[in-house]
Amino acid sequence: MAERGAAATAHPLATLVAIDTLRAGGNAVDAAIAAAAVLGVVEPAMTGIGGDCFVLIAPKGSDRVIAYNGAGRAPAAASADWFLERGITAISPDSVHSITVPGAVEAWCRLAEDHGKLGIDRLLQPAIQLAAKGFTVAPKVAADWRRSAERLRADPVARATLLPKGKAPNVGDRIAFPALAKAMKAIARDGADAFYRGWIAEDIVRRLKAEGGFHTPEDFARHRGDYAAPISTSYRGARVWECPPPGQGLTALLLLNILSECAQADGPFSVARFHMQIEASKLAYAERDRHIADPQHVDVPVKRLLSRAHAKRLAAAIDPMGAMSTVPSNALLPHPDTTYLTVIDKDRTAVSFINSIYWSFGSARMAPKSGVVLQNRGACFVVQPGHPNCIAPGKRSMHTIIPAMVTKGGRALISFAVMGGHYQPVGQAHVLGNMLDFGMDPQAALDCPRLFFEDGGVTVESGIADSLRRELASRGHIIVPAEPDDPLGGGQVIAIDWKRGVLIAGSEPRKDGLALGY
């Protein structure tokens, strides 16, 4: 596709900005940050400066993968006892207590300083211009906006800004966010301090305290993301990399390990392939819900969970001809959506970058002066003392967003991820299997129809043939058709063909995505 660089994002404007950044002398890290900032403007339901991010970097296409955890934490005053004393056993995604300190801005600024060339000021300019002057609403963006209209009406600030004339904008409408532009200008000028120690933090804290939130200026001022050793496993002769907990990348690796212990399916659309994927995902997600949490607060047994012996034990529980009669419970909420992008530059530095506010428009709350839409990542906590993922002061919740990277022979091979909240580990296994098991190119791997076990049934996209649905039903699976305007996840992929010296990219057809190279 390209010899010098390539980018694949969930929106054409973000992809164009990433390519322009590469052409202007920026590297892949610069291009990814600039694109992420643009996505935070033009895809406001999915992401923004009020959310979190996770990043994997393969410098110069090597297998020395760097991971950065840009997740925010619960306020210092948050505790399970407070909720239990009031009879609250789960944190609602619509609650003010679901809002954690946003981590994305700190991550952008630190990564730009540590690994970029152009500086955060220059990188934020395209997003600032779009927020100030306006942008045209794309089809998938409009659909997401429309589905969230009722939630947005509950917040006066969000209603006034995000529902012009009282309703969600239509495809082709033009909308601007002047307050958000002002906030991003401050960040461009003063860096992360503008967000965490200045008037933006004060604006957010004042807004949340008015609703009884625990947040304080100190919670924002003390926030800092961190580099963490990535985790990995082998699959079909390649090595797959993920960020460590509290992200659910461990789930994706465990799922791949289980599938490696199963007989390889004879085709990408075979009933055996999808049946094993469903059953293996049940087991992997049950382990996720039991173990994954903030490793700075609890011991997460990563080595044991990724051992081959553990994968063999789990795979042995799968009946190749029938669905499990006892289904492991899912302790978390149904999957929402997010946004993902990947960039590879002329030096073959690969960046796998995911940024999210969790649910569509996060908590559906906006800070009035800064225009920041606030995430609701705290809804991923449980309120169960003794559980590894129980909410606690300064703790990070189990996190759904997971960038991925594949290396082989000492070199980066594929930078990719699949969006869609809790669906992401299954989506990654599905897309990666399409490429490594069945030889599909990145675009074909993304196009391939998907399914996902959730809520006791199996949600299937329209591309799954009726004959395959009947075969799955005959093995005990309850088939639930996916909503036409709400497909499973999304994704972006760039693969490096080292022999030919080219990049081969694919972009998600289920979103407004675009892959470009130059």
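**View 1. Ala 364, tucked into a loop.** Ala 364 counts as buried because its relative accessibility is 5%; buried means under 20% relative accessible area, exposed over 50% and partly exposed in between, with a 1.4 Å probe and protein chains only. You'll find Ala 364 in the loop between β10 and β11. Its phi is positive, about 60 degrees, although Ala 364 is not a glycine. Phe 361 lies in the loop between β10 (350-356) and β11 (404-408). Phe 361 has a phi near 60 degrees, a positive value in a residue other than glycine. With 0% relative accessibility, Phe 361 counts as buried.

A word on what you're looking at: this is a predicted model, where local features need pLDDT of at least 70 and side-chain atom pairs count only at pLDDT 80 or more, while totals for chains, interfaces and linings use all residues. Residues are numbered from 1 along each chain as its sequence is written, and side-chain values use heavy atoms, with hydrogens and water left out.

View 2. Gln 277 sits in helix α14 (residues 271-291); helices (H or I, at least four residues) and strands (E, at least two) are DSSP runs, numbered from the N terminus. At 3% relative accessibility, Gln 277 counts as buried. Leaving out residues up to four places away in sequence, Gln 277 touches Leu 255, Leu 259, Val 426, His 430 and Leu 451, where contact means heavy atoms within 4.5 Å. The side chains of Gln 277 and His 430 are joined by a polar contact of 3.3 Å. A polar contact is a pair of N or O atoms within 3.5 Å; within protein, one must be able to donate a hydrogen and the other to accept it, and residues adjacent in sequence count only if both atoms are side-chain atoms.

**View 3. Helix α13 against helix α14.** The axes of α13 (residues 249-260) and α14 come within 9 Å and cross at roughly 140 degrees; axes are lines fitted to C-alpha atoms, for helices over the stretch in contact, and angles run from 0 to 180 degrees between N-to-C directions. The two helices, α13 and α14, are therefore oblique to each other: angles under 35 degrees count as roughly parallel, over 145 as roughly antiparallel, 65 to 115 as roughly perpendicular and the rest as oblique. On the α13 side, look for Thr 251, Leu 254, Leu 255, Ile 258 and Leu 259; they meet α14 residues including Met 276, Gln 277, Ala 280 and Arg 288. Sorted by class, this contact of α13 with α14 has nine nonpolar, three polar and two charged residues. Here Ala, Val, Leu, Ile, Met, Phe, Trp, Tyr, Cys and Pro count as nonpolar, Asp, Glu, Lys and Arg as charged, and the others, Gly among them, as polar.

**View 4. Helix α14 against helix α17.** Now α14 packs with α17 (residues 424-436) at an angle of about 145 degrees, their axes 10 Å apart. From α14 come Arg 273, Phe 274, Gln 277, Ser 281 and Tyr 285, and they meet Gln 424, Pro 425, Val 426, His 430, Gly 433 and Asn 434 in α17. The contact of α14 with α17 has four nonpolar, six polar and one charged residues.

**View 5. Helix α13 against helix α17.** The axes of α13 and α17 come within 8 Å and cross at roughly 45 degrees. That makes α13 and α17 oblique to each other. Thr 251, Ala 252, Leu 255, Leu 256 and Leu 259 of α13 make the contact with Pro 425, Val 426, Gln 428, Ala 429 and Leu 432 of α17. These residues of the contact of α13 with α17 divide into eight nonpolar, two polar and no charged.

**View 6. Thr 342 in its strand.** Thr 342 belongs to strand β9 (residues 339-344). It counts as buried, with 0% relative accessibility. The Thr 342 side chain reaches the backbone oxygen of Val 351 at 2.9 Å. Not counting residues up to four places away in sequence, Thr 342 touches several others, among them Ala 6, Ala 7, Ala 8, Ser 415 and Gln 492.

**View 7. Arg 110 on helix α4.** Arg 110 has its place in α4 (residues 104-115). Its side chain reaches the backbone oxygen of Gly 225 at 3.1 Å. Beyond residues up to four places away in sequence, Arg 110 touches Tyr 68, Arg 224, Gly 225, Asp 226 and Tyr 227.

**View 8. A cis peptide bond.** Pro 245 and Pro 246 are joined by a cis peptide bond, with omega about 20 degrees. Pro 246 is found in the loop between β8 (238-242) and α13.
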